Amino acid sequence: MYLNCHSYYSLRYGTFKPVELLDLAVGFGLESLVFTDINNTSACLDFVRLSEKRNIRPVVGVDFRNGADQKYVGIAKNNEGYRELNEHLSEHIHRHKAFDCRAPHFENAFVVYPFQSYRGQDLKDHEFVGVHSEQLPQLRLSPWLGMSHKMVILQTVSFRNKRDFNAHRLLRAIDNNTLLSKLPTSEEGKPWHLMSRPEELRAHFEDFPEIIDNTNRLISQCSIHFTFGTEQPHKNLQYYTTSKVDDYLLLEKLCKEGMAYRYPKPTKKILERVKMELNIIREKDFLSYFLINWDITSYARSKGYFYVGRGSGANSVVAYILRITDVDPIELDLYFERFINLYRKNPPDFDLDFSWTDRDDVTRYIFDRFEHVALIATYSTFQYRAVVRELGKVFGLPKHEIDVLTKGRFRMEKLDQLAKLVLQYSTLIQEFPNHLSVHAGGILIADTPITSFTATFLPPKGYPTTQFDMVVAEDVGLYKFDILSQRGLGKIKDAVEIVKINRPEEELIDIHDIKRFKEDERIKDMLRNAKAIGCFYVESPAMRMLLRKLRVDDYLGLVAASSVIRPGVARSGMMREYILRFRFPERRKDAHPILLDIMPETFGVMVYQEDVIKVAHYFAGLDMGEADVLRRGMSGKFRSREEFKKAQEAFFRKAEEKGHEPKLVDEIWRQIESFAGYAFAKGHSASYAVESYQSLFLKAYYPLEYMVATINNFGGFYRTELYVHEARMHGATIEAPCVNRSGAETVIYGKDIFLGLGLVKELEHHAIELLLANRMEEGPFESLVDFVRRVNLSQEQLAILVRIGAFRFSGKTKKELLWQSHFLLGKAKKKVNQSLTLFYEQPRSFELPVLSSELAEDVFDQLELLGFSLEDPFALLRQEKPSTLLAADLPNYIGKEVEIAGYLVTIKNTRTHNGKGMYFGTFLDLKGAWLDTVHFPPVAEQYPFRGRGIYVIKGMVIEEFDCINIETTSMHKLDIIEDPRFSDSRTTTRIRHSQEVEKSSRQWEIES
């Protein structure tokens, strides 16, 4: 009876979840329901899946509207009609095209026009006019009264109650960016768009039995069918070639051809493993999945792109031979059942990481290479604080009141009624979907058109994108290919190229010689001592501490550390237990015998994702299918699903049936639950470790070139300033940007590093392009006058270059250059490029008075334009350095109170088990060495961080597993001198003199 039902996927319009709509229908005794969100099909498949479990016959369609103006409702007769509606919706979304008053012809879909906009046009067999019960008085007086044979009930359902309607009006005001009081009624639904019992609805239309019959007949002619869950065949591209037989022959051929590259002398064990994998891949219909990943990585290699293949697929020897991954599962003894088993219905995960500069081209290739391709959407939801701010605007609250509500700095009893309404409806609206976004790297390659499943939208990337997310895609059997980007690969690739240019005499680097890197003593020393700043995945303060605690100096140790560092492992207490069992072998006997037997490499501690499968199977007695459901459920995606709950119940039941004590079962479950959603598969960790080794090798032997590559790829865990500092600590001379020596990116000449023009804030990209193009064509600039003659820049852009020191080669001070630029360009925003004129007019020469310049002015220009200074930050202190203690001295003060000065690098905010805030701080000491601090809740509250700068830290020096920290008891930030560019020279404390600054800066340098 209900042909037009909305959920909150009618974005900024609907007010409840699809499951709540279904529960409402069940409560009213409905047997079927037509689900038609506004210009959206995000929830259609989920609606179908959930309907079947509630014994409601689902029908799906689309409510086509321009804004809030309903044009017509399309209702799919069958799956083909659903595809037609999706194609129609996609076309209009892609082209930002308004819907006409008249729908196109659909072969397999009904069209219902709203009564209020019907003007007597002829209707085709599949077209009807929809009448709401509130419109019956109008119908009785309408010239269309005699057309009841072409009319149906169009009882829109958008709300459950008055509160939903109020929330709807607020959403509409947000969407229209207007005050609630000024929201036009044309932009909102009607208060009576509610659901009622079928008999009540029939009673309204008792004088129009034909309309009731038409409505029931329309619904009875509609059906939609999709299969869901892991028991069904996947819907990805079925055949890479033309048949399953040919796919198998090709995969087998590729394995034979690739064997020599990976295993020059394959053992019987390897050959049997390959044969077993090929048979299971064929049996599970994953042939095309492997061949598509091989195709993508083959293209990447042909273009010289660096990539890392990771995920559970890294446990596959076939993937290793095909060069999809670089992890040898035989060497690492990777758990085959995590990759694939006979119970597992979904294909293994292959996450393909490319450099951020290469990923877009790989994506383009995939869309060109395969026919039915789309990116996957994610749902961007309303977050509480953002909703408070939006509703504050809608209600017309002043900004300062909105700020108070947003920050939570209020007492409820002191708030007025309007403010309370803002908070009340913010709580209701939070987590509603706000708009569609794009998944970080998920791509679907389907066997049939994507519109068989969903409409698509066109984000700025320019590729069709589904309206549903990866969870819905997997439910219906569409498994994504992850094409991701990361800056770590860009750093490695660029560093290799920079070494070629800066050290042409050196032998070419084979960056894929991982076996050599694993045995390199210099790399081992870097790992043991955590000298890994800039290196992929091992540079964060937490990871550097873990490397020291575990004394990591080999590949397997790094693989384990890559998963141990994940949040859940630490939270469950297993990270600490792993460290203790690593360092003190006698503790290993504390492990449960079964756990120690199935995980001897990690001393009976769950470290990797596949350990969940092992424990569930061998400890609790679940079959491999149940164990894999448990693992997938722990990821958070399916935790609320019935399948996961059944597996959870089976874990406890079967574990107790095996005779395990309930207390032990509870503890093992707690460990699984706390970490499984965060832990890596071992093959995934191993893939990361390979990339870590590549970056460690470059840092060990080419530190300056590697730091330049790091800066040009916009760093890693830390901000650019710290990588500039790290280069200086390795013997580099750091130079400010220069119009003659710098590129858009940072460049290196020997040991001299010239920062890139692209790092200069407010310097326009177009200005950099003009500068570099002219320099390439005509050579270096001789002076500011020469530059102005050749490059057409505004005075503002030229002043930025002068202030950053880009013309220091001229021998003139900045003040002289700024005056000169003013004389040359005056107040003109732009000038004519005189290098293009026939006769060059020499500018007038002016004799300027002597203009003094101070190093402090340069420092503050750098702080403003680069975000950091190239000088020692301690030289900017207003007072003398309060302490000369260094990080290197701390081992002599274990258990003692100390006071030390540190330049803040980064802060990690976290919370204790009882929810109180605390921090971990990372600083640089007076000589540029790294210093770590911990700030427990009382201290964190009393002595908060106050932004970047230099702090004096007091506290107890503590040592744990060779890691030294300061347990902070007090901390305060030190003042720096005033900015001399804007302060009175008679009252400002200046830097004592340039020689002192230069001396202080040299203290940060060490011999190369």
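Let's start with a strand pair. Three bridges join β17 to β18, residues 752-754, and the two run antiparallel. Keep in mind that this is a predicted model. Which residue stands opposite valine 747? Phenylalanine 754, in β18.

Now the sheet around that pair. It is open, with 3 strands in the order β16-β18-β17, and the pairing is mixed. Where are the edges? They are β16, at 733-735, and β17, at 747-749. Each of those edge strands pairs on one side only. Neighbouring strands in this sheet are turned by 25 degrees against each other on average, direction ignored.

Next, the barrel. Here 5 strands close up, in the order β19-β20-β21-β23-β22. The pairing is mixed.

Strand β21 covers residues 930-935, and strand β23 covers residues 963-973. They run parallel, joined by 2 bridges. Threonine 933 has its bridge partner in β23, and that partner is isoleucine 966.

Last, a helix pair. Helix α1 spans residues 18-27, and helix α2 spans residues 44-53. They pack at an angle of about 35 degrees. Their axes are 10 Å apart. The crossing of α1 past α2 is right-handed.

Which residues make the contact? From α1, we have Val19, Leu21 and Leu22. From α2, we have Phe47, Leu50 and Ser51. By class, that contact has 5 nonpolar residues and 1 polar residue. There are no charged residues in it.

Key: Residues numbered from 1 in each chain as written. Predicted model: local features only at pLDDT ≥ 70, side-chain atom pairs only at ≥ 80, totals over all residues. Heavy atoms only, no water. Pairing = 2+ DSSP bridges. Helix = DSSP H or I, 4+ residues; strand = E, 2+ residues; numbered from the N terminus. Axes fitted to C-alpha atoms, helices over the stretch in contact; angles between N-to-C directions. Left-handed = near helix turned anticlockwise from the far one by under 90°. Contact = heavy atoms within 4.5 Å. Nonpolar A, V, L, I, M, F, W, Y, C, P; charged D, E, K, R; others polar.
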